Amino acid sequence: MNKTSVFDCSLIELDKHHHEKGNISIVENGKDVPFDINRVYYLYDIPGGEDRGAHAHKDLRQLIIAASGSFDIVLDDGNVKRSITLNRPYIGLLVVPGIWRELINFSSGSICMVLASHKYDEDDYIRDYNEFQVLKK
Ligand code: TYD
């Protein structure tokens with residue numbers, strides 16, 4: 001299991017173009033993210049008080065963006081926990097492999113957009129926290 005730490009996860013400021021009619025932010029492979037994007041998915045219509053995540057990935061790298069609204073991401077490397085609020089559509093949180101993450105405190109109507117390095121693979125998930133802790137030792 002990857003010996004990554006929560007401090008390997010970082011905020012990335014994306015291109016932001018201001019227009020009178022609204023803003024636009026752009027993410028391009030090989031320019032704005034340190035991996036090739038093979039999948040995009042987004043969480044929306046999240047009921048009040050609901051949490052998401054609560055798993056780690058073995059190989060997947062992700063850029064998580066609050067495309068609308070806000071939420072908190074609690075990162076955990078088995079040793080240190082770090083909480084980050086995302087509330088700007090032009091800021092992405094790079095989450096490296098081997099990090100347990102929980103997404104909490106979704107604001108009403110928020111959208112969590114995730115750019116991912118690989119296609120969906122359930123075998124890449126660690127969904128049991130005890131197993132995660134053992135693997136990180
Ligand atoms: P999961 O990644 O556990 O959601 P979250 O971390 O947002 O709480 O995925 C929830 C369900 O959706 C799970 O049963 C698998 C399915 N899913 C796919 O089929 N493809 C995907 O790309 C993703 C991200 C999830």
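Trainee: How many bridges join strand β7 (residues 71-76) to β8, and do they run parallel or antiparallel?

Mentor: Strands of a sheet pair through backbone hydrogen bonds, either parallel or antiparallel. Here six bridges join β7 to β8, and the two run antiparallel; strands are DSSP runs of E with at least two residues, numbered from the N terminus, and two of them pair if DSSP finds at least two bridges between them. This is a predicted model, in which local features need pLDDT of at least 70 and side-chain atom pairs count only at pLDDT 80 or more, while totals for chains, interfaces and linings use all residues. Residues are numbered from 1 along each chain as its sequence is written, and side-chain values use heavy atoms, with hydrogens and water left out.

Trainee: Which residues of β8 stand opposite Phe71 and Asp76, and what lies between β7 and β8?

Mentor: Phe71 stands opposite Leu86, whereas the bridge partner of Asp76 is Lys81. The two strands form a hairpin with four residues between them, and Gly78 in the turn has a positive phi of about 95°.

Trainee: In what order do the strands of the open sheet stand, and why is one side of β8 left without a neighbour?

Mentor: Five strands form this open sheet in the order β8-β7-β10-β5-β12, with antiparallel pairing. β8 (81-86) and β12 (125-126) stand at its edges and have a single partner strand each, so one side of each has no neighbour in the sheet.

Trainee: Which strands are joined to β11 (residues 111-116)?

Mentor: β4 is joined to β11 by five bridges and runs antiparallel to it, with Tyr41 opposite Val114. Strand β6 (residues 62-68) is also antiparallel to β11, through six bridges, and there Ser68 has Ile111 as its bridge partner.

Trainee: How far from an oxygen atom of the ligand does a polar side-chain atom of Arg39, Arg52 or Arg127 lie?

Mentor: The distance is 2.4 Å for Arg39, 2.9 Å for Arg52 and 2.9 Å for Arg127; a polar contact is a pair of N or O atoms within 3.5 Å. Taken alone the ligand exposes 530 Å², of which the protein buries 62%, with areas from the Shrake-Rupley method and a 1.4 Å probe.

Trainee: How many salt bridges does a search of the whole structure find?

Mentor: Side chains of opposite charge can pair when their charged atoms come close. The search finds two salt bridges, each a side-chain nitrogen of Lys or Arg within 4 Å of a carboxyl oxygen of Asp or Glu. In one of them the side chains of Lys31 and Asp15 meet at 3.7 Å, N to O. Lys31 lies in the loop between β3 (24-26) and β4, and Asp15 in strand β2 (residues 15-17), so the pair ties together parts that are 16 residues apart in sequence.

Notes:
Polar contact = N/O pair within 3.5 Å; in protein donor to acceptor, adjacent residues only side chain to side chain.
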